[in-house]
Amino acid sequence: MEKLVFNIKIKAPKEKIWKVLWDDETYRKWTSSFCGESYVESSWNEGDKIYFLGAAGEGMNSLIEKKFQMNTWLLSIWVN
């Protein structure tokens, strides 16, 4: 199986990038191009679940297993 790897450099502080990725309003904007009315629900604490959901409430959820450093997590992902 071929493995594809993509990288991009963004000239911005990691705090700003994190805010754009995960704040409700901006998350909905950037995911709308490939996942319609997608949204995310989480308290973003170690050990908590993250719900990646569509308009009908379907989707997948993850578990924040370990917080390594500010805004960096190890996630376990499974599909509902």
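Start at tryptophan 30, which is partly exposed with a relative accessible area of 32% (buried means under 20%, exposed over 50%, partly exposed in between, with a 1.4 Å probe and protein chains only). Keep in mind that this is a predicted model, where local features need pLDDT of at least 70 and side-chain atom pairs count only at pLDDT 80 or more, while totals for chains, interfaces and linings use all residues. Residues are numbered from 1 along each chain as its sequence is written, and side-chain values use heavy atoms, leaving out hydrogens and water.

Rings of Phe, Tyr and Trp (its six-membered ring) pair if their centres lie within 6.5 Å; planes under 30 degrees apart count as stacked, over 60 as edge-to-face and the rest as tilted. By this rule there are 7 aromatic pairs. In one of them, tryptophan 22 and phenylalanine 52 are tilted, at 6.0 Å centre to centre and 55° between the planes. Because tryptophan 22 belongs to helix α1 (residues 14-22) and phenylalanine 52 to strand β2 (residues 49-53), this pair ties together parts 30 residues apart in sequence. Both tryptophan 22 and phenylalanine 52 are buried.

Back at tryptophan 30, its ring and that of phenylalanine 34 have centres 5.8 Å apart and planes at 50°, so this pair is tilted too. Phenylalanine 34 is exposed, at 56% relative accessible area. Ring pairs link Trp18, Trp22, Tyr27, Trp30, Phe34, Trp44 and Phe52 into a cluster.

Finally, look at serine 38, which counts as buried at 4% relative accessibility.

Technical notes
Helices (H or I, at least four residues) and strands (E, at least two) are DSSP runs, numbered from the N terminus.
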